[in-house]
Each structure stands twice: as structure tokens, then as C-alpha cells.
Amino acid sequence: MARHRNVRNLDLDDEMYDDFYGRSLEETDFCVSPSTEAEFMFRRDKGHTLSSFIEQDTKIDEKDEENEEEDFAEEEEYRRPQLDPATQEKLQTCIEKIEDIFGDSYHEREMVNAVMTSNYNVEAAVDALINKNTSASASASAVPTPRKPEFFGNNIVINTRDSPKPPSSTQQPSKPQFLESKQSESASSSKPSSGASTPKTDTSRAQSRESLLDDSINRTPKASKSREVIDIPSELKKRQSGKELINLVVIGHVDAGKSTLMGHLLFNLGNVSKRAMHKNEMESKKSGKGSFAFAWVLDETEEERTRGITMDVAMTMFETKTKLVTLLDAPGHRDFIPNMIQGTAQADVAILVVDSRPGEFEAGFDAGGQTREHAILARSLGVGQLIVAVNKMDSINWSKERYDAIVLKMKVFMAKQAGFKESDVSYVPCSGLSGENLTEKAKEPALLEWYKDSSLVEKIDIFSPPLRPIEKPFRLCVSDVYKGQGSFTIAGKVESGSVQNNDRIMVMPAGENGMVKGLTTRDEGVRFAAAGDYITASMHGVDMAHVTVGSIICDVNAPMRTTTKLAARIVIFNIQIPLTKGFMVVFHSQNLAEPATISKLVGILNKNTGEIVQRRPRCLTKQMNAIIEVKFSRPVCVELYRENKVLGRFMLRYSGKTLAAGVITEIK
């Protein structure tokens, strides 16, 4: 008797679990047909081989895998040919215009080939794509005639040349979708003749193509990305109205009155409104610091105002009769020497402010004070011209004796230790609190008795701007990064070369390409920026994580070099601990502060001749000139001093003290 399935007591969960063949694997509870048994059973007496049995079961799997591989190959991202940046940009512009017309109708490979074949002519590329689509449709609809054998002696050769049959009257060649949408109602309502079909003529195709191009241009206008040719020197003169651009940093010992001095100068020049000044006076008096009203013009953060000291570099602009001045107010406290180095590295000239009061000048000038250290750092960082502003002279009744004593001590130090030429250093008595001798010549009777020279602003007018390396490749050292909407903004000084809107740039040492837009200098949007300009710019196509303070924005065709090892010539300061091989330091170059190791002491140099007097010394002590090798744990951007004097300088610091200053002589 046949066995039947107990349907009422079936477990439906087991029924839902099916194998590849669609039958339950629990065949022990049910009837097994001969066909089912043949599918599952392997018998040696039937002469089957195991390989053929497995091959029969896996045909569908292999076919599916082949289809998946083909689909994956088709969907794989197409890589464009490697072209130069200008040609790549031209190609991208053509592709965008074609995509506006056709949408997703064509693969990127087809569009790139059409554009390059037509020599980057959008109209010719559109024609090529239309003709290709039409011919492909016509060939697909054609019916080939049967092949006829040809006899040559005893050999039979099949003729592979097919004679395609013309399409019938009822068989229309397929048209591209965008062409069908553009056909007029009259054309669609008319019937084709009884003969062959009437495809669109070349004239109508050209008209359709022109109308589509016009529609796409009107719908999505795109600005030309070609680089505008600008005469940089002449345009700079027009922008600056005949004035010279200088970057001025204010340095000095803490509490010497730097911020008050420059805040009062800005107020006298009209760069600070009376309303803003009145607000600062009221807020400073409320906090018990009424004398800090002018300092708060530059010290704007709450922490700086609470502590009464400058902590970060404040930047602003003002004009004199002959100069456009970018003012950098550097901190004076020893804890913020790295910030002072970053500000001074971007300056061309400097004002060194000293406190004339008894005991205060000595505290800043003697060992441990920042007056001496700031002057040496400024000279080591490339500042060649300097004004010594003898401040707070009103508190000592404009004493000529005290002023002469300070000037005499400063002259000896500047010439013998700091390395300034005597003609490049000038001295001005002044008062930041009262504003005496800042923007106008002295009016105080006690001062007029012995001082007949220029005011501080007139001394600034005498500064000579350095030569700007505009002809060299573009280099900008990032001093700050701001987050924006969809992009981000960087700030920094252009050290060499020039940059324009929509220029392709490279971020080093990350090595990432991008585009710079929205150039701004002196709070005004500009088309270009050149060496000496302090700018802000919007970055596009770059990951913000790859841009940090100290990164270099450079020309994509002339990127800056990176290295993990370099050789340099250094001048050692008045250090207490000798420098040895393996000594850990902090390498300061512009805005970069990178840990490093002195990997080798090459030799000690003669101070006068520069010749090596001792090779491979065991250590280096104070006031020595030497050649060393410095090693980094990750790549840094550097340039040789002989190629770029700004980017080829650096400082070595350790534990809050400056150990040495140097120039890069070799990149390993």
C-alpha cells in the first residue's frame, strides 16, 4: 500500500526549509520518487563519474558567477587617461556639457572617446554620439541574408560577408530617447511611406543638436575655467595705489606696552571708531583695568583681556603716506614664544618695544628677558629692519639721560649679538598711553627740548620693502584653517609666486590636489594674490583633515619638496645644555612646529670664514656655528635657503627655550 503524507500533523516550519531543488531535505518522512532519488543518489553501477555528477549540479552556479563577473566588469569605475591639468580641465568641461544634454544615456568611456576624437569640440562630440546611436539602431534592426558556400577546388569556404536587408516599412529604426522627446507633433502624426522608413535627415539632426546645446547652456550656465593672463606687477601697483606693501610685527618683553602702543596708533590713524573706543573704555573700567582700553583694540579674546596679556598673534591693517601695512601683534610672554615665532616669520620689518621705566627695561633685557631673545629671533627669521620704540617715557618725565642709556645699551647689543646693521635700526621715544610721538611729531615741551626727529609713523614710512619673489612658484604657508559651508577657508601669507581664482593647487605634505577660490586680502575680494599678500581663500576638492597649520599650498605643476632628513648650518644661542647626537628638539619653520632629532653632528665651523675646523664633534656648546643633520618621524615641507630665503630658515627649540637658528643647505 502506498504511503501518504500526514498533512494534518505536518510541521510547516520544516516544509518551508527547502534545498536547491525546491524539495524538503527531510525525505525520510515522505515518499521519494525515482526521479527524486536519481537527483540525490550516486550509483557506481550506472557508470557515472563523480566529476560529471558534480558538474551537472553546478552548471547553474557557474553560469550565475560568470554573469556576476560580467556585470561587475561593466559596472567597474572607468578611469580616464592621464592628461595634463589644463587638458583634464577642458575634458571635464566638455563632459559636463554633454551630460546636461544626454543625461545618463551614454557611458563615460563613450563620452571621453567622443570628446578626444573631436579635439574637445562639444558640438562635434554630440554629432558623433548621435550618429553612433543611430547607426547602432539601424544595424540592430537589419536582417542578415543566409550565407552561401563558395567552392575552391576541393575546399568549401563559407562567405562571411553579409548583405543586410533594408528595413521593412513596418520596422522603424530606433531613435535616441532625447531625439524622440524633441520631435514635433506634426512629424509624429505623419505616416511613413510604404517603402523604406524615413529617418531624420542630417539637417534636422543638426538643428536638434543646436537647440539642445542652446537649452543646456541656458539651463546650466558654466563659467570658463581658463586661467586669465594678468600682468602681476602692474596690477599690484594699481591695487596698492602706488603705495608699498610691508608686513610689520610688534615684539618685545611682556608688559612693555606693545598692544597699548599699537592700539592708540590705530585709533589716531582712524582705523578704530570712537564708538568702539568708548566701548573698550567702559568695559575696561568695569573690570578694573582702565589703562588697557587701547590694548583691547588688538586683544579681543576674553582670556587675553582677563589675563591682561597677548596670547596669540593679532592681525590688522593700516595705511601711512607711502605704505600699506599689515600689522602683526605678537605675544611677549615666554610661554607663547612659538606664537611669536609664527608671527615674526611672516613679517618683513619689526618694532621692538622696550619699557623705559627703571628696573623694567633691565628685567626685559637681562638674562631671562624677552627683549634680547625677541631681537635675536627676529634677525634669525629674516627681519632686516627694526625700530626700537622706547615706550612709557611719560612715566619718567621724558628723561633724556634715561633714553640715552637705553639707546646706548641697545646699539651695542643689536650690532654685536643680534646681527643688525646700525643703519637698519632706528630709535623713537614715545608713550602708548598718552599717544605722544606716535602719528604726529612730538608736542610735549619736555620732549621737544632734546628730541627733534620723526614720529613713529614717519619712521615706518622710511622702511624699505623687500624684493618679492613673484616669478618663483606659488607658495603659501597656512596660518589658520576655518570651517565653512561645503568647503573650508585657509589664511596665510603668500611667500612666493602668485595665485588666481580657480587655480589648481596642491596641499603638501599631504599631496592632495584641489582648487582655490574666493581670494580675499585686506578685507576685499581680489582676482589674484602675489608674494607678500596675507590672504584668505576658500579651498575646494580638498579634505579638510589634510590641511593643518603649517601646511604648504603650492603650485600643482611645481610642488614643494618633502623630506624626513636634511642638513643645515646653525648658530647656537646661549644654551646651558650642550647639543649632542640624538638630542630631541622642536623644528620651527614659518607656522610649522614639528618634533625632530639631531641625527648627526657633521662639524664645527669658523665664525668668520665658514670653514670646518672640527669634524664629527662629540657635542656643540653655546655661541658655536656648526653643520648638523636633522631627522623627522614624518615628511615635512622644506626648501633650500639659496632657493627660498623665507622657507629655508628655521629655529630649534627645547623645553621652552630657543637653542639655535639655522638655514637649510641640503635636502636628503
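In which loop is Pro 509 found? Pro 509 sits in the loop between β12 (503-508) and β13 (512-521), where helices (H or I, at least four residues) and strands (E, at least two) are DSSP runs numbered from the N terminus. A cis peptide bond, with omega of about 10°, joins Met 508 to Pro 509.

The model is predicted: local features need pLDDT of at least 70, side-chain atom pairs count only at pLDDT 80 or more, and totals for chains, interfaces and linings use all residues. Residues are numbered from 1 along each chain as its sequence is written, and side-chain values use heavy atoms, with hydrogens and water left out.

Asn 397 counts as exposed, at 63% relative accessibility, whereas Asn 437 is buried, with a relative accessible area of 1%. Here buried means under 20% relative accessible area, exposed over 50%, and partly exposed in between (1.4 Å probe, protein chains only).

Now to the interior. A nonpolar core is a set of buried Ala, Val, Leu, Ile, Met, Phe, Trp, Tyr and Cys residues joined through side-chain atoms within 4.5 Å. The largest one has 72 residues, and those with the most contacts inside it are Val 388, Met 414 and Ile 460. Its largest share, seven residues, comes from α18. Domain 2 (240-462) and domain 4 (562-667) both give residues to this core, so it lies between them; the domain bounds come from an automatic or database domain assignment. Leaving aside neighbours within four places in sequence, Met 414 is in contact (heavy atoms within 4.5 Å) with residues including Leu 352, Val 388 and Tyr 427. Apart from this core lies another, of 28 residues, among them Ile 570 and Leu 640.

In the largest pocket, the largest share of the lining, seven residues, comes from α17. This lining draws at least three residues from each of domain 2 and domain 4.
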